[in-house]
Amino acid sequence: MLCNSCVRFVVFQAAYIDRHIEQRKFIKLIKSLNATRSISYSWNSVYTARRTMMVDIGATAKGGPVVDVSPEKDDNNGGFASGGWKSEDGRLSCGYSSFRGKRATMEDFYDIKTSKVDGQTVCLFGIFDGHGGSRAAEFLKKHLFENLMKHPEFPTNAKLAISETYQQTDMDFLDSEKDTFRDDGSTASTAVLVGNHLYVANVGDSRTIISKGGKAIALSEDHKPNRTDERKRIESAGGVVMWAGTWRVGGVLAMSRAFGNRMLKQFVVAEPEIQDQEIDEELELLVLASDGLWDVVPNEDAISLAQAEEEPEAAARKLTETAFTRGSADNITCIVVKFHHKKVEPEGSQQG
């Protein structure tokens with residue numbers, strides 16, 4: 001049996017080929033399909049967290065081994081996982097929390113890695129929110145950062161390397177799926193810390209924010225079809241943006257950029273928007289999350305909640321729980337990174 005998203009896509013394709021179909025009739029049909037999706041879910045309140053720290057046997061082309069913080073998923077007990085990590089020099093700590101929530105399946109993935117590249121410490125954080133299935137998001141977790149660290153311009157020209165890696169990884173995923181009948185897609189919101197420089201790249205409606213001097217600052221802007229510049233880009237490529245419960249590309253996809261989504265690729269690109277920040281003493285927190293959080297937790301609330309917790313893992317768990325309590329109906333995944341600017345005094349350095 002076809003899922004509703006597949007049915008909506010088939011309807012869109014037919015309408016797109018025959019431009020004589022009235023738009024009002026098309027929207028009415030889409031709404032009627034959405035109205036059939038009255039599925040209720042139960043939540044298993046038993047939380048279990050499994051944490052593993054794993055070192056990849058391989059190394060980057062330019063540096064040492066890649067440390068990968070990867071939890072085991074436990075979908076039989078509420079679909080919840082959390083954990084934390086601290087850098088060797090004590091200047092950085094992070095926590096992650098991921099919860100299936102009210103959804104029947106888990107389509108969120110995340111990745112946290114650290115390595116040495118050309119003598120510089122590199123930390124990579126990523127949130128990948130799948131739609132239409134989990135394959136695209138899982139592909140990004142497995143390959144995006146691996147591809148970035150192999151890019152010949154990384155980390156010397158980080159922006160170029162990130163942009164080209166995003167788009168090449170998208171092509172790699174589409175090629176891997178060419179013989180299937182699936183059309184999965186995924187967002188990606190990533191933060192790459194190279195020395196004292198932070199690069200944030202985004203495709204889709206996951207989001208990355210920072211706290212600087214106590215103020216919440218968004219370092220990514222959601223890619224929504226009704227964003228003026230995005231709508232213009234889509235329409236210039238021959239696409240349409242229309243209302244079908246929310247603004248959608250062709251009445252189908254509620255975001256304007258994504259990995260995958262082969263049938264809409266002409267309009268839904270994987271070119272990231274990239275912002276960069278110097279790390280200074282005012283930068284306190286970094287929060288990356290899927291829209292399961294941002295749908296119900298404003299940027300300012302996220303920073304306030306995270307700052308109230310001493311450990312970033314506790315902060316990530318708090319954000320996840322708050323989003324669920326506030327009624328999020330989506331998978332909820334977040335990463336919280338804390339910056340510790342005070343130097344850690346070596347043992348025995350204090351005078352007795």
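Guide: The model is predicted. The second largest pocket has a volume of about 680 Å³. Its lining comprises 25 residues, and those closest to the centre are Ser87, Asp89, Leu92, Thr121 and Cys123. Two or more lining residues come from each of strand S2 (65-69), strand S3 (80-86), strand S5 (108-117) and strand S6 (120-131). Of the elements, S5 gives the most, with 3 residues. Sorted by class, the lining holds 9 nonpolar, 8 polar and 8 charged residues.

Cys123 is buried, at a relative accessible area of 4%. Cys123 takes part in no disulfide, and the nearest cysteine sulfur, which belongs to Cys94, lies 8.2 Å away. The structure as a whole holds 0 disulfides.

Strands S2 and S5 are also joined by a pair of side chains. Lys113 and Asp68 form a salt bridge, with 3.8 Å from N to O. Lys113 belongs to strand S5 and Asp68 to strand S2, so the pair links distant parts of the chain, 45 residues apart. Lys113 counts as buried because its relative accessibility of 12% is under 20%. Asp68 is likewise buried, with a relative accessible area of 12%. In total, the structure has 21 salt bridges.

Conventions
Residues are numbered from 1 along each chain as its sequence is written. This is a predicted model: local features need pLDDT of at least 70, side-chain atom pairs count only at pLDDT 80 or more; totals for chains, interfaces and linings use all residues. Side-chain values use heavy atoms; hydrogens and water are left out. On a 1 Å grid over the protein atoms alone, a cavity is a set of points where a 1.4 Å probe fits but cannot get out, and a pocket is an open set with protein on both sides within 12 Å along at least five of seven lines; lining residues have an atom within 4 Å of a point. Grid points are joined across faces, edges and corners, and a volume is the space filled by probe spheres set on the points. Helices (H or I, at least four residues) and strands (E, at least two) are DSSP runs, numbered from the N terminus. Ala, Val, Leu, Ile, Met, Phe, Trp, Tyr, Cys and Pro count as nonpolar, Asp, Glu, Lys and Arg as charged, and the others, Gly among them, as polar. A disulfide is a pair of cysteine sulfur atoms within 2.5 Å. Buried means under 20% relative accessible area, exposed over 50%, partly exposed in between (1.4 Å probe, protein chains only). A salt bridge is a side-chain nitrogen of Lys or Arg within 4 Å of a carboxyl oxygen of Asp or Glu.
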